[in-house]
Amino acid sequence: MPDRSAYVSNNAAWCDAVARAHGGETAFAASHWHNMRQSPPFYPNLITLTPDDAAEQLAAVRALAESGTLEDGWGVKDSFATLDLAPLGFEMLFAAQWLWRTPVQGEASLSSFTRVNNEPKLAAWERGFSGEHEPMHIFKSALLADPDIAFFGAGARDTVTAGFSVNRHAGVCAISNVFASGDAGPDFLSRVTAAASVFSKDLPLVSYMPDQALPEWQAAGFELIGPLRIWVKS
C-alpha cells in the first residue's frame with residue numbers, strides 16, 4: 001500500500017499556501033501544521049502530520065482553542081483518524097478516505113480543460129466552483145504565482161462550468177476542489193484525471209473524499225489508502 005504520509009504532507013503544503021495567501025500565521029511542527037489566524041472557509045487551522053503523536057497534537061489543539069484568536073467553527077484535519085476531539089468541544093464533520101492512483105502511461109490529455117493564468121480567469125473559476133452561492137474569494141491570485149499549484153477549468157468565455165485544482169508537493173500531485181454544473185457525464189472524473197496528469201509530470205495522483213463519494217473515485221482507478229476525519233469546534 002502507498003505511504004499516505006506523502007499525501008498528508010502534500011495536503012498540508014496546499015492548505016499552508018491557501019492560508020498564507022489570506023495572511024495566515026502558519027507553522028510546521030514535526031507532528032502537525034497549524035495556522036494561528038482564522039483559516040478561509042472549508043480550510044482547517046490544524047492538520048496532523050503523523051499517526052503516533054496524539055499527546056503533542058492534542059496539546060496543539062488546546063493551545064489554539066485557548067488562544068482567543070479563532071472563531072467557533074474552526075477545523076482540525078485528523079489525517080490518520082487517531083484523535084478523539086469530542087472532549088475538547090469538537091464535533092466530527094465527516095469521515096473520509098485518502099485516495100491514490102498510480103500514473104497511467106499515455107493518459108495525459110487536457111481535453112476540454114484549460115489552465116487558469118490570470119486573476120479575472122481565477123475569479124470566473126471561483127464563480128463556477130461556488131455554483132449558486134456567492135463566491136467566498138477563497139482562492140487568491142497569489143496562488144497563481146506558485147509553479148506547483150494550478151487551476152483548470154472548462155466552459156465558454158468567462159463562464160466556467162467545470163474545474164479542479166492541483167498541487168505538486170511531497171512527490172505526489174493532489175486533485176482537489178473538483179466541480180461541475182449539471183450532469184458532467186459518466187467519464188467526467190476520467191477527464192479530470194487525464195488533465196491532472198498533464199500537470200503531474202508522472203507523479204502519482206492523490207485526493208481525499210468523504211465516504212459517500214468513494215465509489216465514483218474508485219471507478220476512476222483510485223484506491224483507498226487510509227481514513228481521516230474532519231473535526232470542527234462547536
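What percentage of the 234 residues in the chain do buried residues make up? They make up 48%, with buried meaning under 20% relative accessible area for a 1.4 Å probe, protein chains only.

A word on the source: this is a predicted model, where local features need pLDDT of at least 70, side-chain atom pairs count only at pLDDT 80 or more, and totals for chains, interfaces and linings use all residues. Residues are numbered from 1 along each chain as its sequence is written, and side-chain values use heavy atoms, without hydrogens and water.

Next, contacts, meaning heavy atoms within 4.5 Å. Of those between residues at least 6 apart in sequence, 67% join residues at least 24 apart. Along its principal axes, the C-alpha trace spans about 50 × 40 × 30 Å.

Now the pockets. On a 1 Å grid over the protein atoms alone, a pocket is an open set of points where a 1.4 Å probe fits, with protein on both sides within 12 Å along at least five of seven lines; lining residues have an atom within 4 Å of a point. Volume is the space filled by probe spheres set on the points, joined across faces, edges and corners.

The largest pocket holds about 800 Å³. It is lined by 35 residues, and Phe42, Lys77, Phe94, Asn177 and Tyr208 are the closest to its centre.

The second largest pocket holds about 210 Å³. Here 14 residues form the lining, with Thr114, Lys121, Gly153, Arg157 and Val160 closest to the centre.

Conventions: Buried means under 20% relative accessible area, exposed over 50%, partly exposed in between (1.4 Å probe, protein chains only).
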